[in-house]
Every structure is written in structure tokens, then in C-alpha cells.
Amino acid sequence: MKETLNTYSKENKAKDLNIRPEYSGFALLKHTLKNASLNLNEDIYEKLKQFNDLLYDANQRTDLTNVPQEESPIRHYADSLLILKSKELFKPGFSVIDVGTGAGFPGMPLAIARQDINFLLLDALKKRCDFLEFAVKELGLKNVRVLHSRVEDAAHGELREKFDLSLSRAVASMNVLLEYMLPFVRVDGAALCWKGPSLYQELETAKKAVEILGGSFYKTIELPIENRTHLVQVVNKTKNTPDKYPRRAGIPNKRPL
């Protein structure tokens, strides 16, 4: 099942973005979100800008992202936030884990926009976690925790099947990604996987994995970003994930389900 969030024609968007020079930086982000009928208040935009400034200041000393700063409003922030248009996925009081968060995407923008939801940002690289802990403190975010851990370790501990939602923009095939994500999700929760146009092929190869791991493919959501094909696959958690998953480090990539 495919769902589109696009309520604004591609022709009109392209025309606007080409002839209106004021649509750059975070003005372009605001324009993109408003065209998708996603309206955020100015306090949220200000915190998003503050986080972006912190990120690219730290990026001069530590390699956190390879996305150029001028492209970040769309490639990092619009890409992370447009999923909020699907309101039924993000309910007040939910607990959410961002698996392999990297520099904090999609988790940090979502946490800034939805401070009524609790987020855990998980990453195996300490320098990323150190930056994110600093940013959370600087921004005064009370709904965000950061955990430095390998997924394979964290998913076999107290965090197992504790979250309403598991999110990831990590670069991995669906059958590998789901082995990392679904063990964190409670039954009746969901995993949201950000993917490019290769998703449709990956869904075919991940049919066995999703069944083994206790999930089912629900719907595909197309994000309305001009000149980019980016999708979010929603995978419902229908039963408990067998205790053996995720397998030890390196195995999911070497021997995908």
C-alpha cells in the first residue's frame, strides 16, 4: 500500500523554488513543510536552527555529517519532519527509539517538533553520542536521552520491546535493518524505515525477514520533497521477536535473513 503526503503539485513547487530567491536555508524548509500542510511554530524553527548551528560548528572539528550545510534544511530536516503529516503514527506520550541515529536524524528534529513524545537516540559511535548529549543540554530538551551502545547489545537488554516506534535512516538493506529495529518495538508498535527508490526491490527480498522477526509490511509513505524520491516504510509489529535476534555483531550483514 502506497500513501503520498504530497498535496502540492510538482510543477508549482518547482516554479516557486526556482523563481523565489527568498526560499533558501530554513525559509526553504518552512516553505516545504507548509506546502505539505505541516505547520510548526516559530519556537520550533528557532530550535531547529540552533541545533543546525551546533551541528555544523562541531562538524568542523569532528566528522558528523557529509551533507553540505546549505543542503541540510531539505536533506536533513524536511526529510526527518515530513513524516509528522501522518499524525496517527506519532501519538502524545509515545516512546520512540532512533536506531543508528548518526548526527541525530531523524530523531533530533522530531524530538524538537514533538516535545510531547520521549526519544532515545542510539548510536555505536561515541563522538556522535558526545555531540548529541551536548546538543540536548544546550537546547534544554527534556524529552531526549542519548545512548552509546551497539544495537546488538542494547536490543538484548532492558530496552527490548519497550518502544512504540523504532526509527532509522541508516544505510542498510531492509532485511538487515529490520533485524536491528524490530526487537526494540513492542507488539502493536511499528518500525519506520527511511529509504530511497530501492525500497520496492528491498521489500521483495525482506519478506522472509519481516515474518521471522514478528512484523508485517503496512504501508509506504512518499515524502513530498522536490527532485528527491524518499520514502518511509511502515512495518507493524504483530508478534514478539524471537530471542535470538538480533544476532551478534556482523552476522546480520554477512548472512541476511
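Ser-37 lies in the loop between H2 and H3, where helices (H or I, at least four residues) and strands (E, at least two) are DSSP runs numbered from the N terminus. The structure is a predicted model, in which local features need pLDDT of at least 70 and side-chain atom pairs count only at pLDDT 80 or more, while totals for chains, interfaces and linings use all residues. Residues are numbered from 1 along each chain as its sequence is written, and side-chain values use heavy atoms, with hydrogens and water left out.

**Backbone geometry**

Most residues other than glycine have a negative phi, and most peptide bonds are trans. Ser-37, although not a glycine, has a positive phi of about 60°, and at 42% relative accessibility this serine counts as partly exposed; here buried means under 20% relative accessible area, exposed over 50%, and partly exposed in between, for a 1.4 Å probe and protein chains only. Glu-161, found in the loop between helix H7 (151–154) and S5, likewise has a positive phi, near 55°.

Pro-106 has its place in the loop between strand S2 (95–99) and H5, whereas Pro-246 is found in the loop between S8 and helix H11 (251–254).

**Strands around S6**

Strand S6 (residues 185–195) is mostly covered, with eight of its 11 residues buried. Two strands pair if DSSP finds at least two bridges between them, and S6 pairs with strand S5 (residues 163–168) in the parallel sense over five bridges, with Leu-165 standing opposite Ala-190 in S6. From S5 the chain passes through helix H8 (residues 174–181) to S6 in a β-α-β crossover that is right-handed, a term meaning that, with the strands pointing away from the viewer, the path from the first strand over the helix to the second runs clockwise. With strand S8 (residues 230–237), S6 pairs in the antiparallel sense over six bridges, and Val-234 in S8 is the bridge partner of Leu-192.

A nonpolar core is a set of buried Ala, Val, Leu, Ile, Met, Phe, Trp, Tyr and Cys residues joined through side-chain atoms within 4.5 Å. The largest such core has 57 residues, and those with the most contacts inside it are Phe-51 and Met-108; helix H3 (residues 42–58) gives the most to this core, with eight residues. Contact means heavy atoms within 4.5 Å, and, leaving aside neighbours within four places in sequence, Met-108 is in contact with Phe-51, Leu-121, Leu-132, Ala-135, Val-136, Leu-139, Leu-141 and Val-144. A second, separate core of 30 residues includes Leu-120, Leu-177, Leu-231 and Tyr-245.

Helix H4 (residues 72–81) is also mostly covered, since nine of its 10 residues are buried, among them Pro-73, His-76, Tyr-77 and Asp-79. The buried residues of H4 pack against helix H2 (25–35), H3, helix H5 (107–113), S6, strand S7 (215–223) and S8.

**Cysteines**

The structure holds zero disulfides, a disulfide being a pair of cysteine sulfur atoms within 2.5 Å. Cys-129 is buried, with a relative accessible area of 3%, and Cys-193 is buried as well, with a relative accessible area of 0%.
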